[in-house]
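Here are a few notes to read alongside the model.

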Amino acid sequence: MEIFRKDIAYTEDRATLEVALTSVFRNISLKDAMLYDIETTGLNPKSSRLYLLGVLLFHEENIELIQYFAESVLDEEEILEHFFQLCKTKKVLVSFNGEGFDNRFIESMAKSYGKLPLHLYLKQLDLFKLIRKRKKFYGLESCSLKSCERFLGIYREDRCSGGELISVYRDFLKDKDREKKKMLLLHNLEDVKN
């Protein structure tokens with residue numbers, strides 16, 4: 001497993017993030033929250049693998065991005081262990097469709113490794129569910145992350161979908177090409193950051 005870390009400066013969004021969080025959970029601040037997103041080789045955890053997990057940790061001065069990348073399919077359990085260690089230090093898990101996909105995928109994986117799915121003990125803030133309630137009001141074509149990004153005028157350097165990157169990851173496992181790894185990391189970085 002390889003771990004990548006990057007500091008991201010706060011923008012004017014910090015106040016918006018704090019308001020969103022405290023409007024849902026009283027007495028919870030950003031430092032109590034962790035945002036996460038996973039990349040997998042498919043939708044079914046019984047036949048697919050987790051190959052990348054990205055988290056954002058909110059500190060006083062900056063946001064820390066951590067990405068856990070599976071250099072091999074054997075790294076999956078180690079990625080889970082790192083994620084669960086972070087979960088022990090937080091009160092709220094923020095995601096985009098985490099309740100619909102990410103949480104269930106990780107829960108199934110945790111059980112397959114004989115681990116408790118610690119992320120499910122955290123309070124959940126699923127941004128997808130908040131947006132879905134307001135889809136018509138904002139005139140969104142869909143509630144996908146890319147649709148929301150277009151609505152907000154967010155430009156992505158990454159042009160691939162998660163589904164398209166499955167074959168890129170499979171090819172990476174064979175040839176360890178650095179450009180493929182960069183593509184995979186960029187997609188997850190932009191998913192988590194945006």
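1. Let's begin in the sheet: strand S3 (residues 50-58) and strand S4 (residues 62-69) pair in the antiparallel sense over 7 bridges. Pairing requires that DSSP finds at least two bridges between the strands, and strands (E, at least two residues) and helices (H or I, at least four) are DSSP runs numbered from the N terminus. Within this part of the sheet, Phe 58 stands opposite Ile 63 in S4.

2. A word on the source: this is a predicted model, where local features need pLDDT of at least 70, side-chain atom pairs count only at pLDDT 80 or more, and totals for chains, interfaces and linings use all residues. Residues are numbered from 1 along each chain as its sequence is written, and side-chain values use heavy atoms, with hydrogens and water left out.

3. The open sheet has 6 strands in the order S1-S4-S3-S2-S5-S6, with mixed pairing. Strand S1 (2-9) and strand S6 (123-126) each have a single partner strand, so one side of each lacks a neighbour in the sheet.

4. Now please look at helix H8 (residues 178-193), which holds His 187. Is His 187 buried or exposed? His 187 is buried, at 3% relative accessible area (buried means under 20%, exposed over 50%, partly exposed in between, with a 1.4 Å probe and protein chains only). Leaving aside residues up to four places away in sequence, His 187 touches several residues, including Glu 39, Arg 156 and Asp 158; contact means heavy atoms within 4.5 Å.
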